[in-house]
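Okay, everyone, thanks for coming. Let me put the model up on the screen and then walk you through it.

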Amino acid sequence: PHGVFPYGNILSMLVFPATMGFSFKGLAASSALRVPIFKQILRSIGIIDASRNVAMSALRQGHSIGISTGGVREVFETNEHHECILLKERIGMIKLAIKTGANLVPVYEF
């Protein structure tokens with residue numbers, strides 16, 4: 001689930017490359033990358049824009065990418081009592097994988 005501040009995702013961004021030995025990029029909404037200082041912090045740990053072109057470019061360069069499929073909408077659906085994962089209408093990641101030959105590995109992080 002995608003909370004307001006995805007701690008698990010950021011922890012993975014920091015630990016995954018060191019433990020698994022290959023490049024990992026996290027995707028963030030364009031709006032998150034417009035905030036001064038926050039943008040620099042996110043970029044420093046490997047966060048890139050979640051646009052289709054940027055994600056496709058990262059995959060073609062051999063990076064693994066992490067996607068919170070529900071995006072910003074999921075932030076408003078998840079609360080302290082219920083976790084919500086939006087997948088039904090989120091097929092862009094499948095299209096990206098088909099176009100680039102990337103593997104899809106489902107992960108549940110919180």
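So, this is a predicted model, and the protein averages a pLDDT of 82, with 92% of the residues at 70 or better; pLDDT is the predictor's confidence in each residue, from 0 to 100. Helix 1, residues 7-20, has the lowest confidence, with a mean of 74, while helix 3, residues 52-60, has the highest, at 94. Helices here are DSSP runs of H or I with at least four residues, strands are runs of E with at least two, and both are numbered from the N terminus.

Quick housekeeping. Residue numbers start from 1 along each chain as its sequence is written. Local features need pLDDT of at least 70, side-chain atom pairs need 80 or more, totals for chains, interfaces and linings use all residues, and side-chain values use heavy atoms, without hydrogens or water.

Strand 1, residues 24-28, pairs with strand 2 over 3 bridges, and leucine 27 is opposite isoleucine 48 of strand 2.

Last stop, helix 5, residues 92-100, which holds isoleucine 98 and also isoleucine 94. Which of these is exposed, and which partly exposed? Isoleucine 98 counts as exposed because its relative accessibility is 68%; isoleucine 94, at 38%, is partly exposed. The cut-offs are under 20% for buried and over 50% for exposed, with partly exposed in between, using a 1.4 Å probe and protein chains only.

Methods:
Two strands pair if DSSP finds at least two bridges between them.
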